[in-house]
Amino acid sequence: MGAIHETEVSGWEKWWQVELALYLNDHDDVADWNMEERFFTDLRRSVEKDSIAIDLCFRRKRCSKDSMIYLELKQDADWKRCMDKLLRDALKVSDAQTRSQEGDAVRSFFVAGIYPSIPKVEVHDYVEKRLEELAIDWDVMDTKFISNTPYGFTMF
């Protein structure tokens, strides 16, 4: 990631998705995974699109075969813009039906973003305020600094 920062490469979100998919593919505790799983939207709540796609999903071994953990990933050079994109994705998923077009149920849904590091408290204060404004339910949020890089990582 140091080279990404030094050369000012942007738009590496898809690369991150592929790297995470490869990691899941080789992980001993992961039974299945998929990228860009599609969901129909609940047209009573959202009329923008009739379907959405979530970046990545996986199922751990010894868990229900039709229940997946879904993850939407974002990367941005501006931390607030990154958080706003994550919040939009959380809203997008709240308008989706509870089963994918493949028939898998949403066991859990998370959004995760990478951005240039700033103090954790600033990120959490901003996100908590926006989550409340948007009436998005959330249980856990965490921010970590990615060692040996100038980046931070937030997930909720």
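In this predicted model, strand E4 (residues 105-116) and strand E6 (residues 151-155) run antiparallel and are joined by five bridges. As background, the strands of a sheet pair through backbone hydrogen bonds, in either a parallel or an antiparallel way.

Stepping back, E4 and E6 belong to an open sheet of six strands, and reading across it gives the order E1-E2-E3-E4-E6-E5, with mixed pairing. The edges are held by strand E1 (30-40) and strand E5 (142-145); each has a single partner strand, so one side of each lacks a neighbour in the sheet. From one strand to the next, the twist averages 25 degrees.

Two helices can then be placed against this sheet. Helix H2 (residues 13-26) packs on the sheet and touches E1, strand E2 (51-60), strand E3 (67-75), E4 and E6. The direction of H2 makes about 140 degrees with that of E1. Helix H4 (residues 120-134) also packs on the sheet, where it touches E4, E5 and E6, and its direction makes about 155 degrees with that of E5.

H4 has a helical partner as well. Helix H3 (residues 79-94) packs with H4 at an angle of about 30 degrees, the two axes lying 11 Å apart, and the crossing of H3 past H4 is right-handed. On the H3 side, the contact is made by Trp79, Lys80, Met83, Asp84, Leu87 and Leu91; these meet Glu122, Val123, Tyr126, Val127, Arg130, Leu131 and Leu134 in H4.

Terms used: Residues are numbered from 1 along each chain as its sequence is written. This is a predicted model: local features need pLDDT of at least 70, side-chain atom pairs count only at pLDDT 80 or more; totals for chains, interfaces and linings use all residues. Side-chain values use heavy atoms; hydrogens and water are left out. Two strands pair if DSSP finds at least two bridges between them. Helices (H or I, at least four residues) and strands (E, at least two) are DSSP runs, numbered from the N terminus. Axes are lines fitted to C-alpha atoms, for helices over the stretch in contact, and angles run from 0 to 180 degrees between N-to-C directions. Contact means heavy atoms within 4.5 Å. A crossing is left-handed if the near helix is turned anticlockwise from the far one by less than a right angle, and right-handed if clockwise.
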